[in-house]
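Here is a short briefing to read alongside the structure. Have the viewer open, and pick out the residues as they come up.

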Amino acid sequence: MNEGNLTPRPLDEIYDQDESTAALMPPLLPDLSFKSIWDSDMIEKFYDPSGRKKWRCMHCNESWFEYNATKALSHVVGTGRDIGACKGSIANKYRQAYNELYVSKNGSRELKQQFQAKIQQDWDSTDGRTLAYYSEAKSAGKDQFPVLRLI
Ligand SMILES: [Zn+2]
């Protein structure tokens, strides 16, 4: 007879289990930073069966001939003149890294501002609201968020 299995488990054991479940949550990915568009793990260089150089954008799964870093970057940033803008869904993390790379390659101050504005537009509305709220508080000369008052 094994009564051990019927004994209710102590609370701390249950809490331990909750913690191990939390450990299974996906870890936060580090911020991305590329020195070249080819550094992105979503941009893949390969050769086609006849040995020609090709690269593929794994955001949209389209591929092009020849390794042209300017074109590849233009594609993901969406500024391409002779290459279409990426129609895939690019995670903000990648989008920001591409935009930063684009600015570092082409960076004038105006362009930088233009892209920062674009990045802000790409954020979801919650982030946008939070940011607007924070910069309002900042520009009002307050170091902290306004305190809610009970009326
Ligand atoms: Zn693409």
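This is a predicted model: local features need pLDDT of at least 70, side-chain atom pairs count only at pLDDT 80 or more; totals for chains, interfaces and linings use all residues.

**The nonpolar core**
- The largest nonpolar core has 15 residues, and Ala72 is among those that touch the most other members, together with Leu73, Val76, Tyr98 and Leu101.
- At least two residues of this core come from each of β2 (53-57), α2 (69-77) and α3 (92-106).
- With five residues, α3 gives the most to this core.

**How α2 meets α3**
- The axes of α2 and α3 lie 9 Å apart, and the two helices pack at an angle of about 130°.
- Angles over 145 degrees would count as roughly antiparallel and 65 to 115 as roughly perpendicular, so α2 and α3 are oblique to each other.
- The crossing of α2 past α3 is left-handed.
- On the α2 side, Leu73, Val76 and Val77 make the contact, while α3 brings Tyr98, Asn99, Leu101, Tyr102 and Lys105.
- Sorted by class, this contact of α2 with α3 holds six nonpolar residues, one polar and one charged.

**The chain as a whole**
- The protein chain has five helices and three strands, and its elements run α-β-β-β-α-α-α-α from the N terminus on.
- Of the 151 residues in the protein chain, 15% are buried.
- Among contacts in the protein chain with a separation of 6 or more, 37% join residues 24 or more positions apart.

Methods: Residues are numbered from 1 along each chain as its sequence is written. A nonpolar core is a set of buried Ala, Val, Leu, Ile, Met, Phe, Trp, Tyr and Cys residues joined through C-beta atoms within 7 Å. A residue is buried if 20 or more other C-beta atoms lie within 10 Å of its own, exposed if 12 or fewer, and partly exposed in between; C-beta atoms are placed from the backbone. Helices (H or I, at least four residues) and strands (E, at least two) are DSSP runs, numbered from the N terminus. Axes are lines fitted to C-alpha atoms, for helices over the stretch in contact, and angles run from 0 to 180 degrees between N-to-C directions. Angles under 35 degrees count as roughly parallel, over 145 as roughly antiparallel, 65 to 115 as roughly perpendicular and the rest as oblique. A crossing is left-handed if the near helix is turned anticlockwise from the far one by less than a right angle, and right-handed if clockwise. Two residues are in contact if their C-beta atoms, placed from the backbone, lie within 7 Å. Ala, Val, Leu, Ile, Met, Phe, Trp, Tyr, Cys and Pro count as nonpolar, Asp, Glu, Lys and Arg as charged, and the others, Gly among them, as polar.
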